[in-house]
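I have a new structure open and want to know what surrounds its ligand. Here are my notes, in the order I looked things up.

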Amino acid sequence: MDKPINDKAARLKLAIQKSGRLTDHSLDLMSKCGLKYSRGKDQLICYGENMPLDVLLVRDDDIPDLVQQDVCELGIVGLNVIEEKRLAFEAKGIKPLFEQLMLLDYGKCRLSIAVPDGFEYKGPQSLAGKRIATTYPNILARYLADHSIEAEIVTLSGAVEIAPRLGRADVICDLVSTGSTLLANHLKEVETILLSQAAVIRTPVPVSEAKQDWIHRLAVRIEGVQQVKESKYIMLHAPRSRLDEIRKLLPGSESPTIIPLDGPGDKVVVHAVCRENVFWETLESLKKVGASSLLVLPVEKMLP
Ligand code: PRP
Ligand code: ZN
């Protein structure tokens with residue numbers, strides 16, 4: 001049986017982004033992992049009602065620090081922030097106390113160098129002697145060092161995209177997702193220096209057995225949620241003689257279940273979990289090799 005979930009010290013804390021590209025996905029992920037929560041008056045804490053887990057809503061840049069300081073055992077944040085903090089701590093001789101537990105399938109974006117329209121860019125060496133505005137000075141510094149480029153890093157806390165127009169910088173180094181911010185600011189992406197997506201981080205500091213157990217359960221559930229997204233359950237009728245061809249057409253499926261169909265004839269029912277999306281084209285191909293009564297169902301939960 002689970003330990004009582006009211007004991008404060010036994011409750012896990014997970015930090016997620018308060019408002020931004022990761023917020024909705026992260027809360028949705030926790031709900032899909034079975035967490036029911038009530039939101040505190042200040043809206044900054046979600047108290048878990050059926051798990052010993054509370055979710056703190058904070059600025060994404062603060063998430064690694066909260067894990068570092070052992071305020072939270074877990075955090076969901078972009079690789080961009082994780083890497084920037086790791087390098088910042090290392091530069092100060094501080095050992096980073098956050099570890100990547102698993103990657104998540106959302107929050108995909110990239111950290112790129114972008115130049116104003118009209119800037120003559122001929123490769124990384126064109127950045128030599130330029131002022132580069134960014135909120136990621138450590139990742140940028142590493143990139144410049146790796147390419148033996150001497151340039152000035154202008155560290156800003158936001159609104160990087162307007163720095164060239166304000167005359168504060170010549171080029172920028174910022175996150176790009178859809179590219180619409182760059183487009184709106186007449187900037188052109190010229191180099192990608194880091195690929196990013198959301199990840200779960202955890203403290204490397206040992207936690208109680210009960211907490212460790214919940215971290216593990218949560219990780220397994222997250223894996224399950226991510227797997228299920230693309231998975232489909234497919235059912236069809238088929239002549240037994242065409243089973244080999246049908247098996248080959250089922251996308252990403254393990255051995256299907258074959259059930260004989262009642263009545264005369266050699267028809268069977270095939271049930272399979274496909275770990276990829278099932279497209280209309282696949283169904284059409286299955287029909288061509290004799291399948292009928294095709295049904296494709298979403299999969300809600302899955303545990304290996
Ligand atoms: C980034 C970046 C741009 C925007 C780019 O900010 O600074 O403003 O996203 O996205 P787009 O290519 O889709 O237009 P973010 O939302 O991550 O905010 P933050 O840096 O303040 O956390
Ligand atoms: Zn941020």
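First, a term I need: the domain bounds I use here come from an automatic or database domain assignment. Also for the record, this is a predicted model.

I checked the domains against the shell around ligand 1. Domain 1 (8-107 + 198-227) and domain 2 (109-196) each put at least three residues into that shell.

Next I listed the neighbours. Around ligand 1 I find Gln17, Arg21 and Asp60, then Asp174, Leu175, Val176, Ser177, Thr178, Gly179, Ser180 and Thr181.

Which element gives the most to the shell around ligand 1? I looked, and β10 does, with 3 residues. Both β10 (171-176) and α5 (180-184) supply at least two residues each.

Then I went through the polar contacts. Gly179 has a polar backbone atom 2.7 Å from an oxygen atom of ligand 1. For Asp174, a polar side-chain atom lies 2.9 Å from a ligand 1 oxygen. At Asp60, I read 3.3 Å between a side-chain N or O atom and an oxygen atom of ligand 1. On its own, ligand 1 has 510 Å² of accessible area, and the protein covers 68% of that.

Last entry: where does ligand 1 sit? I find ligand 1 in the largest pocket.

Definitions and conventions. Residues numbered from 1 in each chain as written. Chains lettered and ligands numbered in written order. Predicted model: local features only at pLDDT ≥ 70, side-chain atom pairs only at ≥ 80, totals over all residues. Heavy atoms only, no water. Near = heavy atom within 4 Å. Polar contact = N/O pair within 3.5 Å; in protein donor to acceptor, adjacent residues only side chain to side chain. Areas by Shrake-Rupley, 256 points an atom, 1.4 Å probe, with all protein chains shown as cover. 1 Å grid on protein atoms, 1.4 Å probe; cavity = no way out; pocket = protein on both sides within 12 Å on 5 of 7 lines; lining within 4 Å. Sits in = over half its atoms within 2 Å of the grid points. Helix = DSSP H or I, 4+ residues; strand = E, 2+ residues; numbered from the N terminus.
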